[in-house]
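Below is an explanation of how two chains meet and where space is left inside.

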Number of protein chains: 2
Amino acid sequence: MESYLARRKQLILEDRAQRVDAPGARALSEDEVQADEIVRKIRAAEAISVWAVNSESIFDYDPAKASPNVFPGMEFLTARETIVQTRLFKILNKMPKGALLHAHLDATVNARHLLKLALEQPAMHVAASRVLTLDNIKDVLPKFKPLPKENLSEVVSLADPSYVPGTWIPFRVARENFAQGLGGPGGFDDWVISALMINPIEAYKTHNTTQKIWGKFSSIFTVSTNLIRFSPIWTEYIREFFLTSIEDGVSYSETRINFWYKYMVGPDGEESIEHRGFLAIYDRVLKEVKAEMKRQGREDEFVGSKIIYCTLRFVTPEELDWYCEDCLALKQEFPHLIAGFDLVGHEDSLKPLIDYIDPLTRFVERQKELGLDIPFIFHAGETLGDGTAADMNLYDAILLGTKRIGHGFSLVKHPKLIEICKERDIAVEVCPISNEILRLTSSMPMHPLPVLMNQGVRVALCSDDPAIFGNMGLSFDYYQVLVASEVSGLITMGEIARDSIKHSCLDPREKERALALFEKRWAKFIQDIIRENRE
Amino acid sequence: MESYLARRKQLILEDRAQRVDAPGARALSEDEVQADEIVRKIRAAEAISVWAVNSESIFDYDPAKASPNVFPGMEFLTARETIVQTRLFKILNKMPKGALLHAHLDATVNARHLLKLALEQPAMHVAASRVLTLDNIKDVLPKFKPLPKENLSEVVSLADPSYVPGTWIPFRVARENFAQGLGGPGGFDDWVISALMINPIEAYKTHNTTQKIWGKFSSIFTVSTNLIRFSPIWTEYIREFFLTSIEDGVSYSETRINFWYKYMVGPDGEESIEHRGFLAIYDRVLKEVKAEMKRQGREDEFVGSKIIYCTLRFVTPEELDWYCEDCLALKQEFPHLIAGFDLVGHEDSLKPLIDYIDPLTRFVERQKELGLDIPFIFHAGETLGDGTAADMNLYDAILLGTKRIGHGFSLVKHPKLIEICKERDIAVEVCPISNEILRLTSSMPMHPLPVLMNQGVRVALCSDDPAIFGNMGLSFDYYQVLVASEVSGLITMGEIARDSIKHSCLDPREKERALALFEKRWAKFIQDIIRENRE
């Protein structure tokens, strides 16, 4: 038996040897080992006290009496309120997260906060395509538009029978006068929020397939863009994103900004701000937040932020040339801000990368001509398809030399591509909660993340579109990953956070500093866990 | 661009080089290539005509108007009636399937047929733990028991208010007199069937987690065993299993029989038949079916069947010694029937293999002493767990030298174990529909099968418990796998079928014959496809 157990131990070691947390991969302090044990104990206790089905055995289960809290890593939108109350979440909330490498800027700020920002702007107007009633309110989306001056018509409510569909009403006015029968101002807020977020009924019932939920998901951007792409709001939106990320322990971010829209509306209500204006605002807010953090003596908590230039996967190859040139010009003007280039949108239904080989190759050549370096950081394989165009995007992303892979959900199916990712140290930006809500996986235990980790592919956990999913910061994504595995522990989470910095587009000097700051915070975090959980 | 496409093609080839259908793995006939193309075209056409959401784009989707047929490989219990009407299914139905390597005998015959068999037995009685009413009928399970003589009480209905709970009523009598308010005899049948199968509401709504659905799943066996473990029924049950398997194109099977119950009830209504009696019946029916097939001039369609001896994962290690000795004795008496040894039951909640190392090691030594060879063919990794005891069963199954792996759902997480499976040619018995209904995966596109296939692990598709899932034969499992991939085609399905024979426990001579017979049928199948689908 002893020899059997020795062979078994050896086999397990070999099986896990490529993991980021493999024994010997990094020298661990005694404190780290102790904190990891504490966290494992809390996880095990809460797996029963918080997440177990409320019956003694599988035979006793009564659906009518069941608690909805049924297993760790279950559907996030159902579990969220339970998660925030757990000890484990409270610990992870304080963990330094390193870098956030995959988030779409337009979906990074809590929807209720965006609503608040919009209400502060007299220029913001709202319209509906029908007179709102109890019967149709769930089907009608709000439309937003900043106008040069307040459009004060006689009709002040979207539910007024005499409201002419499409007429712009000042946002605050429409809210204050929202019909009591539709819930008054609170009902108005709920109507707007429901157009800006995915709710559990949609994710798990009415739109419970990747294709259907993408319909809802995409519709959100068509609504939110007209709130966000207005420079006074954009400015405060970015600031809020930076500040809340810092609060969650994220010290650096690379945000994907969709430059498909060529203009933003300025304070004058005119669609007049060009892309360089977008970046100027980003740059200014970045400096202001840095200054503010310094003022608070917290400059070590914020290393900075860069931008991954994106346009949408439905542009023609010819149109893409324009965006590539635009990106080059922005890189020349803001070399410290432009970190990479990507194409975004629903991979299963939009154009595959193979359609863009020509313009993308020209883009690389133009960079050489101009002495610039804008790595591709492609979304690829965000799909359940096996051999479909979306799945095949992985081949093109890698052939085009992508620095990281956005999602790479279907990468687990590709042994040769996994090998290449390891050789070239291509990290995968894994978005656990996004994948679950967008129905690529039904829960975290079904997620293929452990397949990648055990094969030694480096991953960074990312929130993707936290405003839509309600997974603000990175704590929720770390939580869902940590509770769905008995192999991973706190030490694993730390290694993943380190990898997020290592695989960022920070230049070597910045990266070194970011890693050093991380280690300092990590050591303190570990000590806090030990101190706060003394038995 | 040309050079890019050449590099791309090369990369795809390398990525898929380990697949069973990799170019050059087997010389393909022109007919096979043509039939494969025909099947791909039908699949592509039906992906739209049968399975597409009934809206033009993801933005138009209206949940209220949606068809439930939403994507190929969707939930089997919802899709079944649609599947049987497709051209693709009708083709696969005629495909020679090779061997069925993973099926639990107690769940291999259509539940309505089992009901019919039971009604033919005057000895069969039924009871309920409560007087049945409209309110409780969904919660009360039927109990069955063959009795030495008919128990003719005055009360003939389980819904009669004067029925004393637990009293045995002859099965036919109880059915004929079933209350009209509960649907009469048809309602009785539905009541019994609902205790013998998983319905879509259970799988996808009330019991939509692995743990909950296993509660229902396990309860089925407690009901059905008392119908099946009665030799007159058992005899006809086995016959029906063989005959229906043959009709589905399965030419050989290795059925798992649960020997945990030490006795079967004989025709005299006494629990008197020992395990050797179980095997004697199996052997006799096998010979009768072979004779019948020969009489029909169809002996080439049925190579035979063997048994994998199983007991349950809740026996103590000491009790397991008894079963091992029992298995050895049976192997000595029926060397041609006993093919292997396994432990079955819910891996997530029952004892892990590590608890049984001692008795299992003794079992191997005893085989050596007696000059017997009974390979382990362990269930392992039928779990969503990552590093849980059920997931760790894979290490022990492999260390104990398992010949194949039953399910191996979590094997994709274990790179070293995958390597060993390839080195030792350990095939995985993949049960697609079982995995989906038991909630390890929510649909076929989420299933990790392509991960194993692309890494070169050999797989056999298996039905597991077709009577419970309604996936009789192997056609449904092949269908779900084929529609969920653009990489796999008819040729792939043929290779998987060949692998099922190659990885069976047939002796070399039998295996050679089975493969030769398969090739003959495969060639005819291919020609039929071409002839029947001429444009």
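**The interface and the cavities**

In this predicted model, the side chains of A:Glu14 and B:Lys416 form a salt bridge, with an N to O distance of 3.2 Å. In total, the rule finds four salt bridges across the interface of chain A and chain B. Polar contacts between chain A and chain B come to 21 residue pairs, counted where both residues are at pLDDT 80 or more.

Which parts of chain A supply the side that touches chain B? At least two residues each come from helix H1 (2-15), helix H9 (210-228), helix H13 (357-370), helix H14 (389-399), helix H15 (415-424) and helix H17 (449-454) of chain A. H1(A) provides the largest share of that side, eight residues. Sorted by class, the side of chain A that touches chain B holds 32 nonpolar, 18 polar and 13 charged residues.

The extent of the interface can be given in two ways. As a count of residues, 63 of chain A are in contact with 62 of chain B. As an area, chain A and chain B bury about 5,700 Å² between them, and 65% of this lies on carbon and sulfur atoms.

Rolling a probe the size of a water molecule over the atoms shows where empty space is left. By the rule used here, there are 14 cavities of 30 Å³ or more.

The largest cavity holds about 310 Å³ of space. Its lining is made of 26 residues, and those closest to its centre are A:Met446, A:Pro448, B:Met446, B:His447 and B:Pro448. By class, the lining of the largest cavity has 16 nonpolar, eight polar and two charged residues.

How much space lies in the second largest cavity? The volume of the second largest cavity is about 90 Å³. Of the 14 residues that line the second largest cavity, A:Pro450, A:Val481, A:Ala484, A:Ser485 and B:Asp386 are the closest to its centre. Helix H17(A) gives the most to this lining, with three residues, and H17 of chain A also supplies at least two residues of the side that touches chain B. The lining of the second largest cavity divides into eight nonpolar, three polar and three charged residues.

Conventions:
Residues numbered from 1 in each chain as written. Chains lettered and ligands numbered in written order. Predicted model: local features only at pLDDT ≥ 70, side-chain atom pairs only at ≥ 80, totals over all residues. Heavy atoms only, no water. Contact = heavy atoms within 4.5 Å. Buried area = accessible area lost by both parts, 1.4 Å probe. Polar contact = N/O pair within 3.5 Å; in protein donor to acceptor, adjacent residues only side chain to side chain. Helix = DSSP H or I, 4+ residues; strand = E, 2+ residues; numbered from the N terminus. Nonpolar A, V, L, I, M, F, W, Y, C, P; charged D, E, K, R; others polar. 1 Å grid on protein atoms, 1.4 Å probe; cavity = no way out; pocket = protein on both sides within 12 Å on 5 of 7 lines; lining within 4 Å. Points joined across faces, edges and corners; volume = space filled by probe spheres on them.
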